[in-house]
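This report describes selected local features of one protein model. Please consult the sequence and the structure shown below while reading.

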Amino acid sequence: MKKSEAERILEPWVKPVLGFALKRCKTPEDAEDLSQEIILKVYRALLLRDDVEDAGKYIWTVAHNALCNYYRSASRSMIGVPVETLADLPAETAEDAGETAEAVDRLKHEIAYLSGMQRKIVIAYYIDRKKQEQIARELDIPAGTVKWHLFEAKKELKKGMEKMREASDLKYNPVKFSMYGINGSSGTKDIYDMFNSPLVQNLCYTVKETWKTVNEIADDLGVSPVYVEGEAARLEEYGFLNRKGGKYLANFLLEEPSMDFLRLEDKTYRAAADIFADELYTRLTESGILESPAIASKWKADRNFLLWALIPYIAACSGEKTQVEKISFEEAATIRKDGGTNIFYAQIRDSVPEGYGLMQNWFGPCWNGNGKHILWQVGSEWSENLRERIVSYEGEENRILALYEREQEEKLSLDDYAWLAERGQIVPDGEGRAEWQIVVLKDQRIRDDLLDIGIKIREENEAEFRKLRETYTKAALQDLPAQMKKMKQYELQYLFCSDGRFIYQCLKNLVDSGKLTPPQEKQRKAMSTLLIPC
């Protein structure tokens, strides 16, 4: 193309190009340099080409390419991009330009950080190309509200485009709950399903100590806020997160113990079990109480089976008379939407010290009563895994109690016997009858006699227990977030009493020493289960 023809084409575009640059550059000087660069590039191209059919489209393509190069030189993260420009830019123009794809992608990324309503409106208006009036009708809101949301969204998008978003370590090194469960009634929601997701676990972890918005959580996790907001709302609905002013904070006991603390924990529980377990075993087996007719079981001749039920119960309940409860369960627990009232607890640990006692498949202690009897039990690595039954636990135990009491008066239906047999509560006796496999205490006197054995051991060793409690309690509360301390303090009131780890360590001590042996396979479902009169 001749010079005169190129100059004729470019002359009416000089001022629009300068205006384009002034609107988008940080300084007037930058704008002048950029506009001159654009005009010069187009002029040189026109001199070499005769096939430019749409001069305007070609000039704006060059302009957008030059602008992207300008931004890229100024900041690799696109800091300072005027969002109005990108938002108003027709999608096909940006894609044709090629170089603006990065900016468009960044804009789309920032849309995810808008509120739910703003996100719907922005997508409908800028991506789906809908009129404001149509959006208002579809969302059933005034057109003025749509306009206001678009205005606010532009401001938020601009702030987001100017911000360098940095994910925390959780993006590439997520945490994992090594254990979790509840203290209290379970409700109908399966917490093991609810908290099985890595996203949920890490979402809770990032708000363990600090109130954060959905966007801040998303930045920590390196994910779109779209994936966070639904999970955060669901966790809040069931009481696992608190919400205040658009920010969330964990509302359950989430611990991340150090290796030093785990060493102290293991040492403390081993010491407590050393004081209690062997002495309890000796007094139980030498006292003659196991032969009492007030203790009934199909396995009465099997002392090992009896001890698997009696030792956990005495270890848990013999401390109740000396227990001073300063924090009630109602103060510490959360009432949840699914009908449960409980303290949910979880722990994060990558590893444990060598020799640390791992509570595998632990469940309980759990108990349920109907005014006449209490069904009390624990589950452990030596018994069937009861954790699978946690959601339906209360319903099942109530039915077992009801069937036991009815069976004392009359025969049950075949369906009822089959249901009990499936759970290991009864076994055939070989003569067409069914026998209860659990351990039954027939009156309150035998219960009190059994607990008195444990109470005397505690009283004789109170000074040693107190010293262990004080050291452990101080360490357990030291680095815990403020909103979790009441839950932990409630739990610590039962240290070395109805405390799963203490019961576990007592059993482990006795298994390791050979005083207790693992049960027979046919005993596993019902072991460590007691029926006690109220």
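Serine 528 is placed in the loop that runs between α23 (500–512) and β13 (529–533). The model is a predicted one. Although serine 528 is not a glycine, its phi is positive, at about 60°. With a relative accessible area of 3%, serine 528 is buried, because buried means under 20%.

Threonine 529 takes part in a side-chain contact with glutamine 377: a polar contact of 3.1 Å joins the two side chains. Glutamine 377 belongs to strand β9, residues 373–379. Its relative accessibility of 2% places glutamine 377 among the buried residues.

The loop between β7 (341–348) and β8 holds asparagine 361. Asparagine 361 is partly exposed, with a relative accessible area of 37%.

Strand β8 comprises residues 363–369 and includes proline 365. The peptide bond leading from glycine 364 to proline 365 is cis, and its omega is near 10°.

Helix α8 covers residues 116–127, and its 12 residues should span 16 Å at 1.5 Å a residue. The C-alpha atoms at its ends are 16 Å apart, in agreement with that expectation. An α-helix has 3.6 residues a turn, so residues three or four places apart point the same way. In α8, the buried residues are Gln118, Arg119, Ile121, Val122, Ala124 and Tyr126.

Helix α12 (residues 198–206) is mostly covered, with 7 of its 9 residues buried. These buried residues are Val200, Gln201, Asn202, Leu203, Cys204, Tyr205 and Thr206. At the start of α12, serine 197 places a side-chain oxygen within 3.1 Å of the backbone nitrogen of leucine 199.

## Helix α3

Glutamate 37 lies in helix α3, which covers residues 28–48. Its relative accessible area is 32%, and glutamate 37 is therefore partly exposed. Between glutamate 37 and valine 62 there are 9.7 Å in space, C-alpha to C-alpha, for a separation of 25 residues in sequence.

## Cysteines

How many disulfides does the structure hold? The number is 0. A disulfide is a covalent bond between the sulfur atoms of two cysteines. For cysteine 317, the closest cysteine sulfur is that of cysteine 497, at 9.2 Å, which is too far for a bond. The cut-off for a disulfide is a pair of cysteine sulfur atoms within 2.5 Å.

Cysteine 317 is buried, at a relative accessible area of 11%. Cysteine 366 also counts as buried, with 15% relative accessibility.

Rolling a probe the size of a water molecule over the atoms shows where empty space is left.

Which residues line the second largest cavity? They are Ile182, Ser186, Lys189, Ile191, Tyr238, Phe240, Arg336, Asp338 and Asn342. By type, the lining of the second largest cavity divides into 4 nonpolar, 2 polar and 3 charged residues.

Conventions
Residues numbered from 1 in each chain as written. Predicted model: local features only at pLDDT ≥ 70, side-chain atom pairs only at ≥ 80, totals over all residues. Heavy atoms only, no water. Helix = DSSP H or I, 4+ residues; strand = E, 2+ residues; numbered from the N terminus. Buried < 20%, exposed > 50% of the residue type's maximum accessible area, 1.4 Å probe, protein only. Polar contact = N/O pair within 3.5 Å; in protein donor to acceptor, adjacent residues only side chain to side chain. 1 Å grid on protein atoms, 1.4 Å probe; cavity = no way out; pocket = protein on both sides within 12 Å on 5 of 7 lines; lining within 4 Å. Nonpolar A, V, L, I, M, F, W, Y, C, P; charged D, E, K, R; others polar. Expected span 1.5 Å × (residues − 1).
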